[in-house]
Amino acid sequence: MTVNAGPTLRPLRLGEILDRAIHLYRRNFLQFVGIVAVVQIPITLIQILISLTTFSGTFTSIGDFLNNPAAAPSDPFEIFGPSYFIGASLNSLVSIIGFILLQGVATSALTSAIAGSYLGYPSSSIGAAYRSIKEKWLSVVGALLLAVVLASALAIWWLIPCFGWFTGLGMLIFLWYVIVPMLAPIVILEGESPTIA
């Protein structure tokens, strides 16, 4: 039985990190894109359908108003109608679900596939990448929900005069651009709980 000799794990310089990342993505490009596309394409199609349905009624109302300005409604909400607000609410809900699925599930599968490829395991399929996270994806989603709660608390902190104004925005930016992208790798690769991650 032959075992693939993986790379020697050691601290890398920036040039080495970039070189290995580019090599990894070139070798597995279709698999990595496919892992994200499985989640991204359906969500995008649903959002497009909701937007088309929502704005078709709005464009009809605005067209009627432009054709007959004398019959302009006194309330601007009459132009939009209830379909606009229902569609906007549905679009927001799909965006939240999409964020959880992309940041939680797709990123977890992508992390698993990248780690396997980097360590020299044979290239697996898109389905295998998703199957490899079946026990841990709920932990990643839990960590994301904790991050959303923390972000809400930091947003409230940001509203506090003086001290909050100077520290709140920086902490929010750090949370969303440094901590949240690292949640899936920490839970998937290191096996940490959502609170530790």
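**Exercise 1.** Is L175 buried or exposed?

*Solution.* The model is predicted. Start with the position: L175 belongs to helix 6, which covers residues 163-190. Next, take the relative accessible area of L175, which is 2%. The cut-off for buried is under 20%. L175 therefore counts as buried, at 2%.

**Exercise 2.** Which residues is L175 in contact with, leaving aside its neighbours within four places in sequence?

*Solution.* With those neighbours set aside, the contacts of L175 are A147, L150, A151, L154 and V180. Take A151 from this list. Along the chain, A151 and L175 are 24 residues apart, and their C-alpha atoms are separated by 7.3 Å.

**Exercise 3.** Decide where S117 lies and whether S117 is buried or exposed.

*Solution.* S117 is part of helix 3, residues 77-118. The relative accessible area of S117 is 11%. Buried means under 20%, so S117 is buried at 11%. Once neighbours within four places in sequence are left aside, the contacts of S117 are L24, R27 and N28.

**Exercise 4.** Describe the aromatic pairs of the structure.

*Solution.* A pair of aromatic rings is described by two values, the distance of the centres and the angle of the planes. Two aromatic pairs are present in the structure. One of them joins Y25 and F32, with 5.2 Å from centre to centre and 75° between the planes, an edge-to-face arrangement. Within this pair, Y25 is partly exposed at 38% relative accessibility, whereas F32 is buried at 4%.

The rings of F99 and W176 have centres 5.6 Å apart and planes at 70°. Planes over 60 degrees apart count as edge-to-face, so the pair of F99 and W176 is edge-to-face. This pair links distant parts of the chain, since F99 is in helix 3 and W176 in helix 6, 77 residues apart. F99 is partly exposed, with a relative accessibility of 29%, and W176 is partly exposed too, with 28%.

**Exercise 5.** Which elements give two or more residues to the lining of the largest pocket?

*Solution.* Begin with the space: the largest pocket holds about 580 Å³. Its lining consists of 18 residues, and those nearest the centre are L24, I114, A115, Y118 and L189. Helix 1 (14-27), helix 3 and helix 6 are the elements that each give two or more residues to this lining. The most comes from helix 6, with six residues. By residue class, the lining of the largest pocket has 14 nonpolar, two polar and two charged residues.

Conventions
Residues numbered from 1 in each chain as written. Predicted model: local features only at pLDDT ≥ 70, side-chain atom pairs only at ≥ 80, totals over all residues. Heavy atoms only, no water. Helix = DSSP H or I, 4+ residues; strand = E, 2+ residues; numbered from the N terminus. Buried < 20%, exposed > 50% of the residue type's maximum accessible area, 1.4 Å probe, protein only. Contact = heavy atoms within 4.5 Å. Phe/Tyr/Trp six-rings, centres within 6.5 Å; stacked < 30°, edge-to-face > 60°. 1 Å grid on protein atoms, 1.4 Å probe; cavity = no way out; pocket = protein on both sides within 12 Å on 5 of 7 lines; lining within 4 Å. Points joined across faces, edges and corners; volume = space filled by probe spheres on them. Nonpolar A, V, L, I, M, F, W, Y, C, P; charged D, E, K, R; others polar.
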